[in-house]
Every structure is written in structure tokens, then in C-alpha cells.
Amino acid sequence: MYIVLYTIIIKPNQEQKFIEAWKGLTSLIYKYEGSLGSRLHKKDTLNFFAYAQWPDKNTFDNAGGNLPEDANHFRDTMKASCEKFEVLEKFEMIEDLLKQQQSE
């Protein structure tokens, strides 16, 4: 598995817009690009981290060309609501001991 870690600084009063756009874009990337999903974490009011999982580096490197037009709206909203959005690290997962959610 391949992991990408992002750091994000949100503009004041833009938190909810960013979160909704992040959810929308993440859903499209999952559906159309082969992502395994992402988690969004909040450090404090305006500082966030996102953690995206991919099956492998090749899938991540080749992503982007299959997204529908809707993705542009989500990207634009995210850009407008952020002071900073950057990749902190990219790395390969060696072991995964997180408990998986149970479907009910």
C-alpha cells in the first residue's frame, strides 16, 4: 500500500466549505481513480492533515485522468478555502495493525 500525507491550512470561516469539497473530491478519486480512500484530521481550528491510501505507487502516479467534470468544482472550492495544501510525505506501508471497521 502507498500512503500520501498532506498538510492543510484553512482560511478563517472556510472550514465547512473545505470539508464538504474534500469529501466530494475524495469520493470521486475513490470511485474513478482506484484510491483506497482518505482520512481528514483536525489539529486545531485552521490546521488539518489528510492521509490518503492507494493500492500502490503506480496507481497514485497515474491518477487524475479519469475524474468527471464535477471534480473541478470540488478542487476549485478546496483551493479557494485554503491558505496552504501541500504534500508532506509519500511512503510505502509495511504493516497495518489498525482495527478495521465492522460492517453491520
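Strand E2 (37–42) and strand E3 (residues 47–54) run antiparallel and are joined by six bridges, where strands are DSSP runs of E with at least two residues, helices are runs of H or I with at least four, and both are numbered from the N terminus. Two strands count as paired if DSSP finds at least two bridges between them. The model described here is a predicted one, in which local features need pLDDT of at least 70 and side-chain atom pairs count only at pLDDT 80 or more, while totals for chains, interfaces and linings use all residues. Residues are numbered from 1 along each chain as its sequence is written, and side-chain values use heavy atoms, with hydrogens and water left out.

The E2 and E3 pair belongs to an open sheet of four strands, ordered E2-E3-E1-E4 and paired in antiparallel fashion. Its edge strands, each pairing on one side only, are E2 and strand E4 (82–92). From one strand to the next the twist averages 20°; axes are lines fitted to C-alpha atoms, for helices over the stretch in contact, and angles run from 0 to 180 degrees between N-to-C directions.

Strand E1 (2–10) has antiparallel partners in both E3, through eight bridges, and E4, through nine bridges. Towards E3, valine 4 has alanine 52 as its bridge partner, and leucine 5 has tyrosine 51. Towards E4, the bridge partner of isoleucine 3 is phenylalanine 91. E1 is mostly covered, with seven of its nine residues buried; buried means under 20% relative accessible area, exposed means over 50%, and partly exposed lies in between, using a 1.4 Å probe and protein chains only. Threonine 7 is buried, with a relative accessible area of 11%.

Helix H1 (residues 15–33) touches E1, E2, E3 and E4, and its direction makes about 160° with that of E2. Helix H3 (residues 70–81) touches E1 and E4, and its direction makes about 110° with that of E4. The expected span of a helix is 1.5 Å times one less than its number of residues; the 19 residues of H1 should therefore span 27 Å, and its end C-alpha atoms, 26 Å apart, agree with this. The buried residues of H1 include Phe18, Ile19, Trp22 and Leu25, and the cover over its buried residues includes E1, E2, E3, helix H2 (57–61), H3 and E4. Glycine 34, which follows H1, has a positive phi near 85°.

The largest nonpolar core has 20 residues, and those with the most contacts inside it are Tyr6, Ile8 and Phe18. Such a core is a set of buried Ala, Val, Leu, Ile, Met, Phe, Trp, Tyr and Cys residues joined through side-chain atoms within 4.5 Å. The elements giving two or more residues to this core are E1, H1, E3 and H3, and H1 gives the most, with six residues. Among the residues that tyrosine 6 touches, not counting those up to four places away in sequence, are Phe48, Ala50, Phe60 and Val87.

Aromatic rings can be followed as well: rings of Phe, Tyr and Trp (its six-membered ring) pair if their centres lie within 6.5 Å, and planes under 30 degrees apart count as stacked, over 60 as edge-to-face and the rest as tilted. By this rule there are five aromatic pairs. The rings of tyrosine 2 and phenylalanine 60 have centres 5.7 Å apart and planes at 45°, so this pair is tilted. Because tyrosine 2 lies in E1 and phenylalanine 60 in H2, the pair ties together parts that are 58 residues apart in sequence. Phenylalanine 60 also forms an edge-to-face pair with tryptophan 54, at 5.5 Å centre to centre and 70° between the planes. Tyrosine 2 and phenylalanine 60 are both buried, and tryptophan 54 is buried as well. One aromatic cluster is formed by Tyr6, Phe18, Phe48 and Phe85.

Methods:
Contact = heavy atoms within 4.5 Å.
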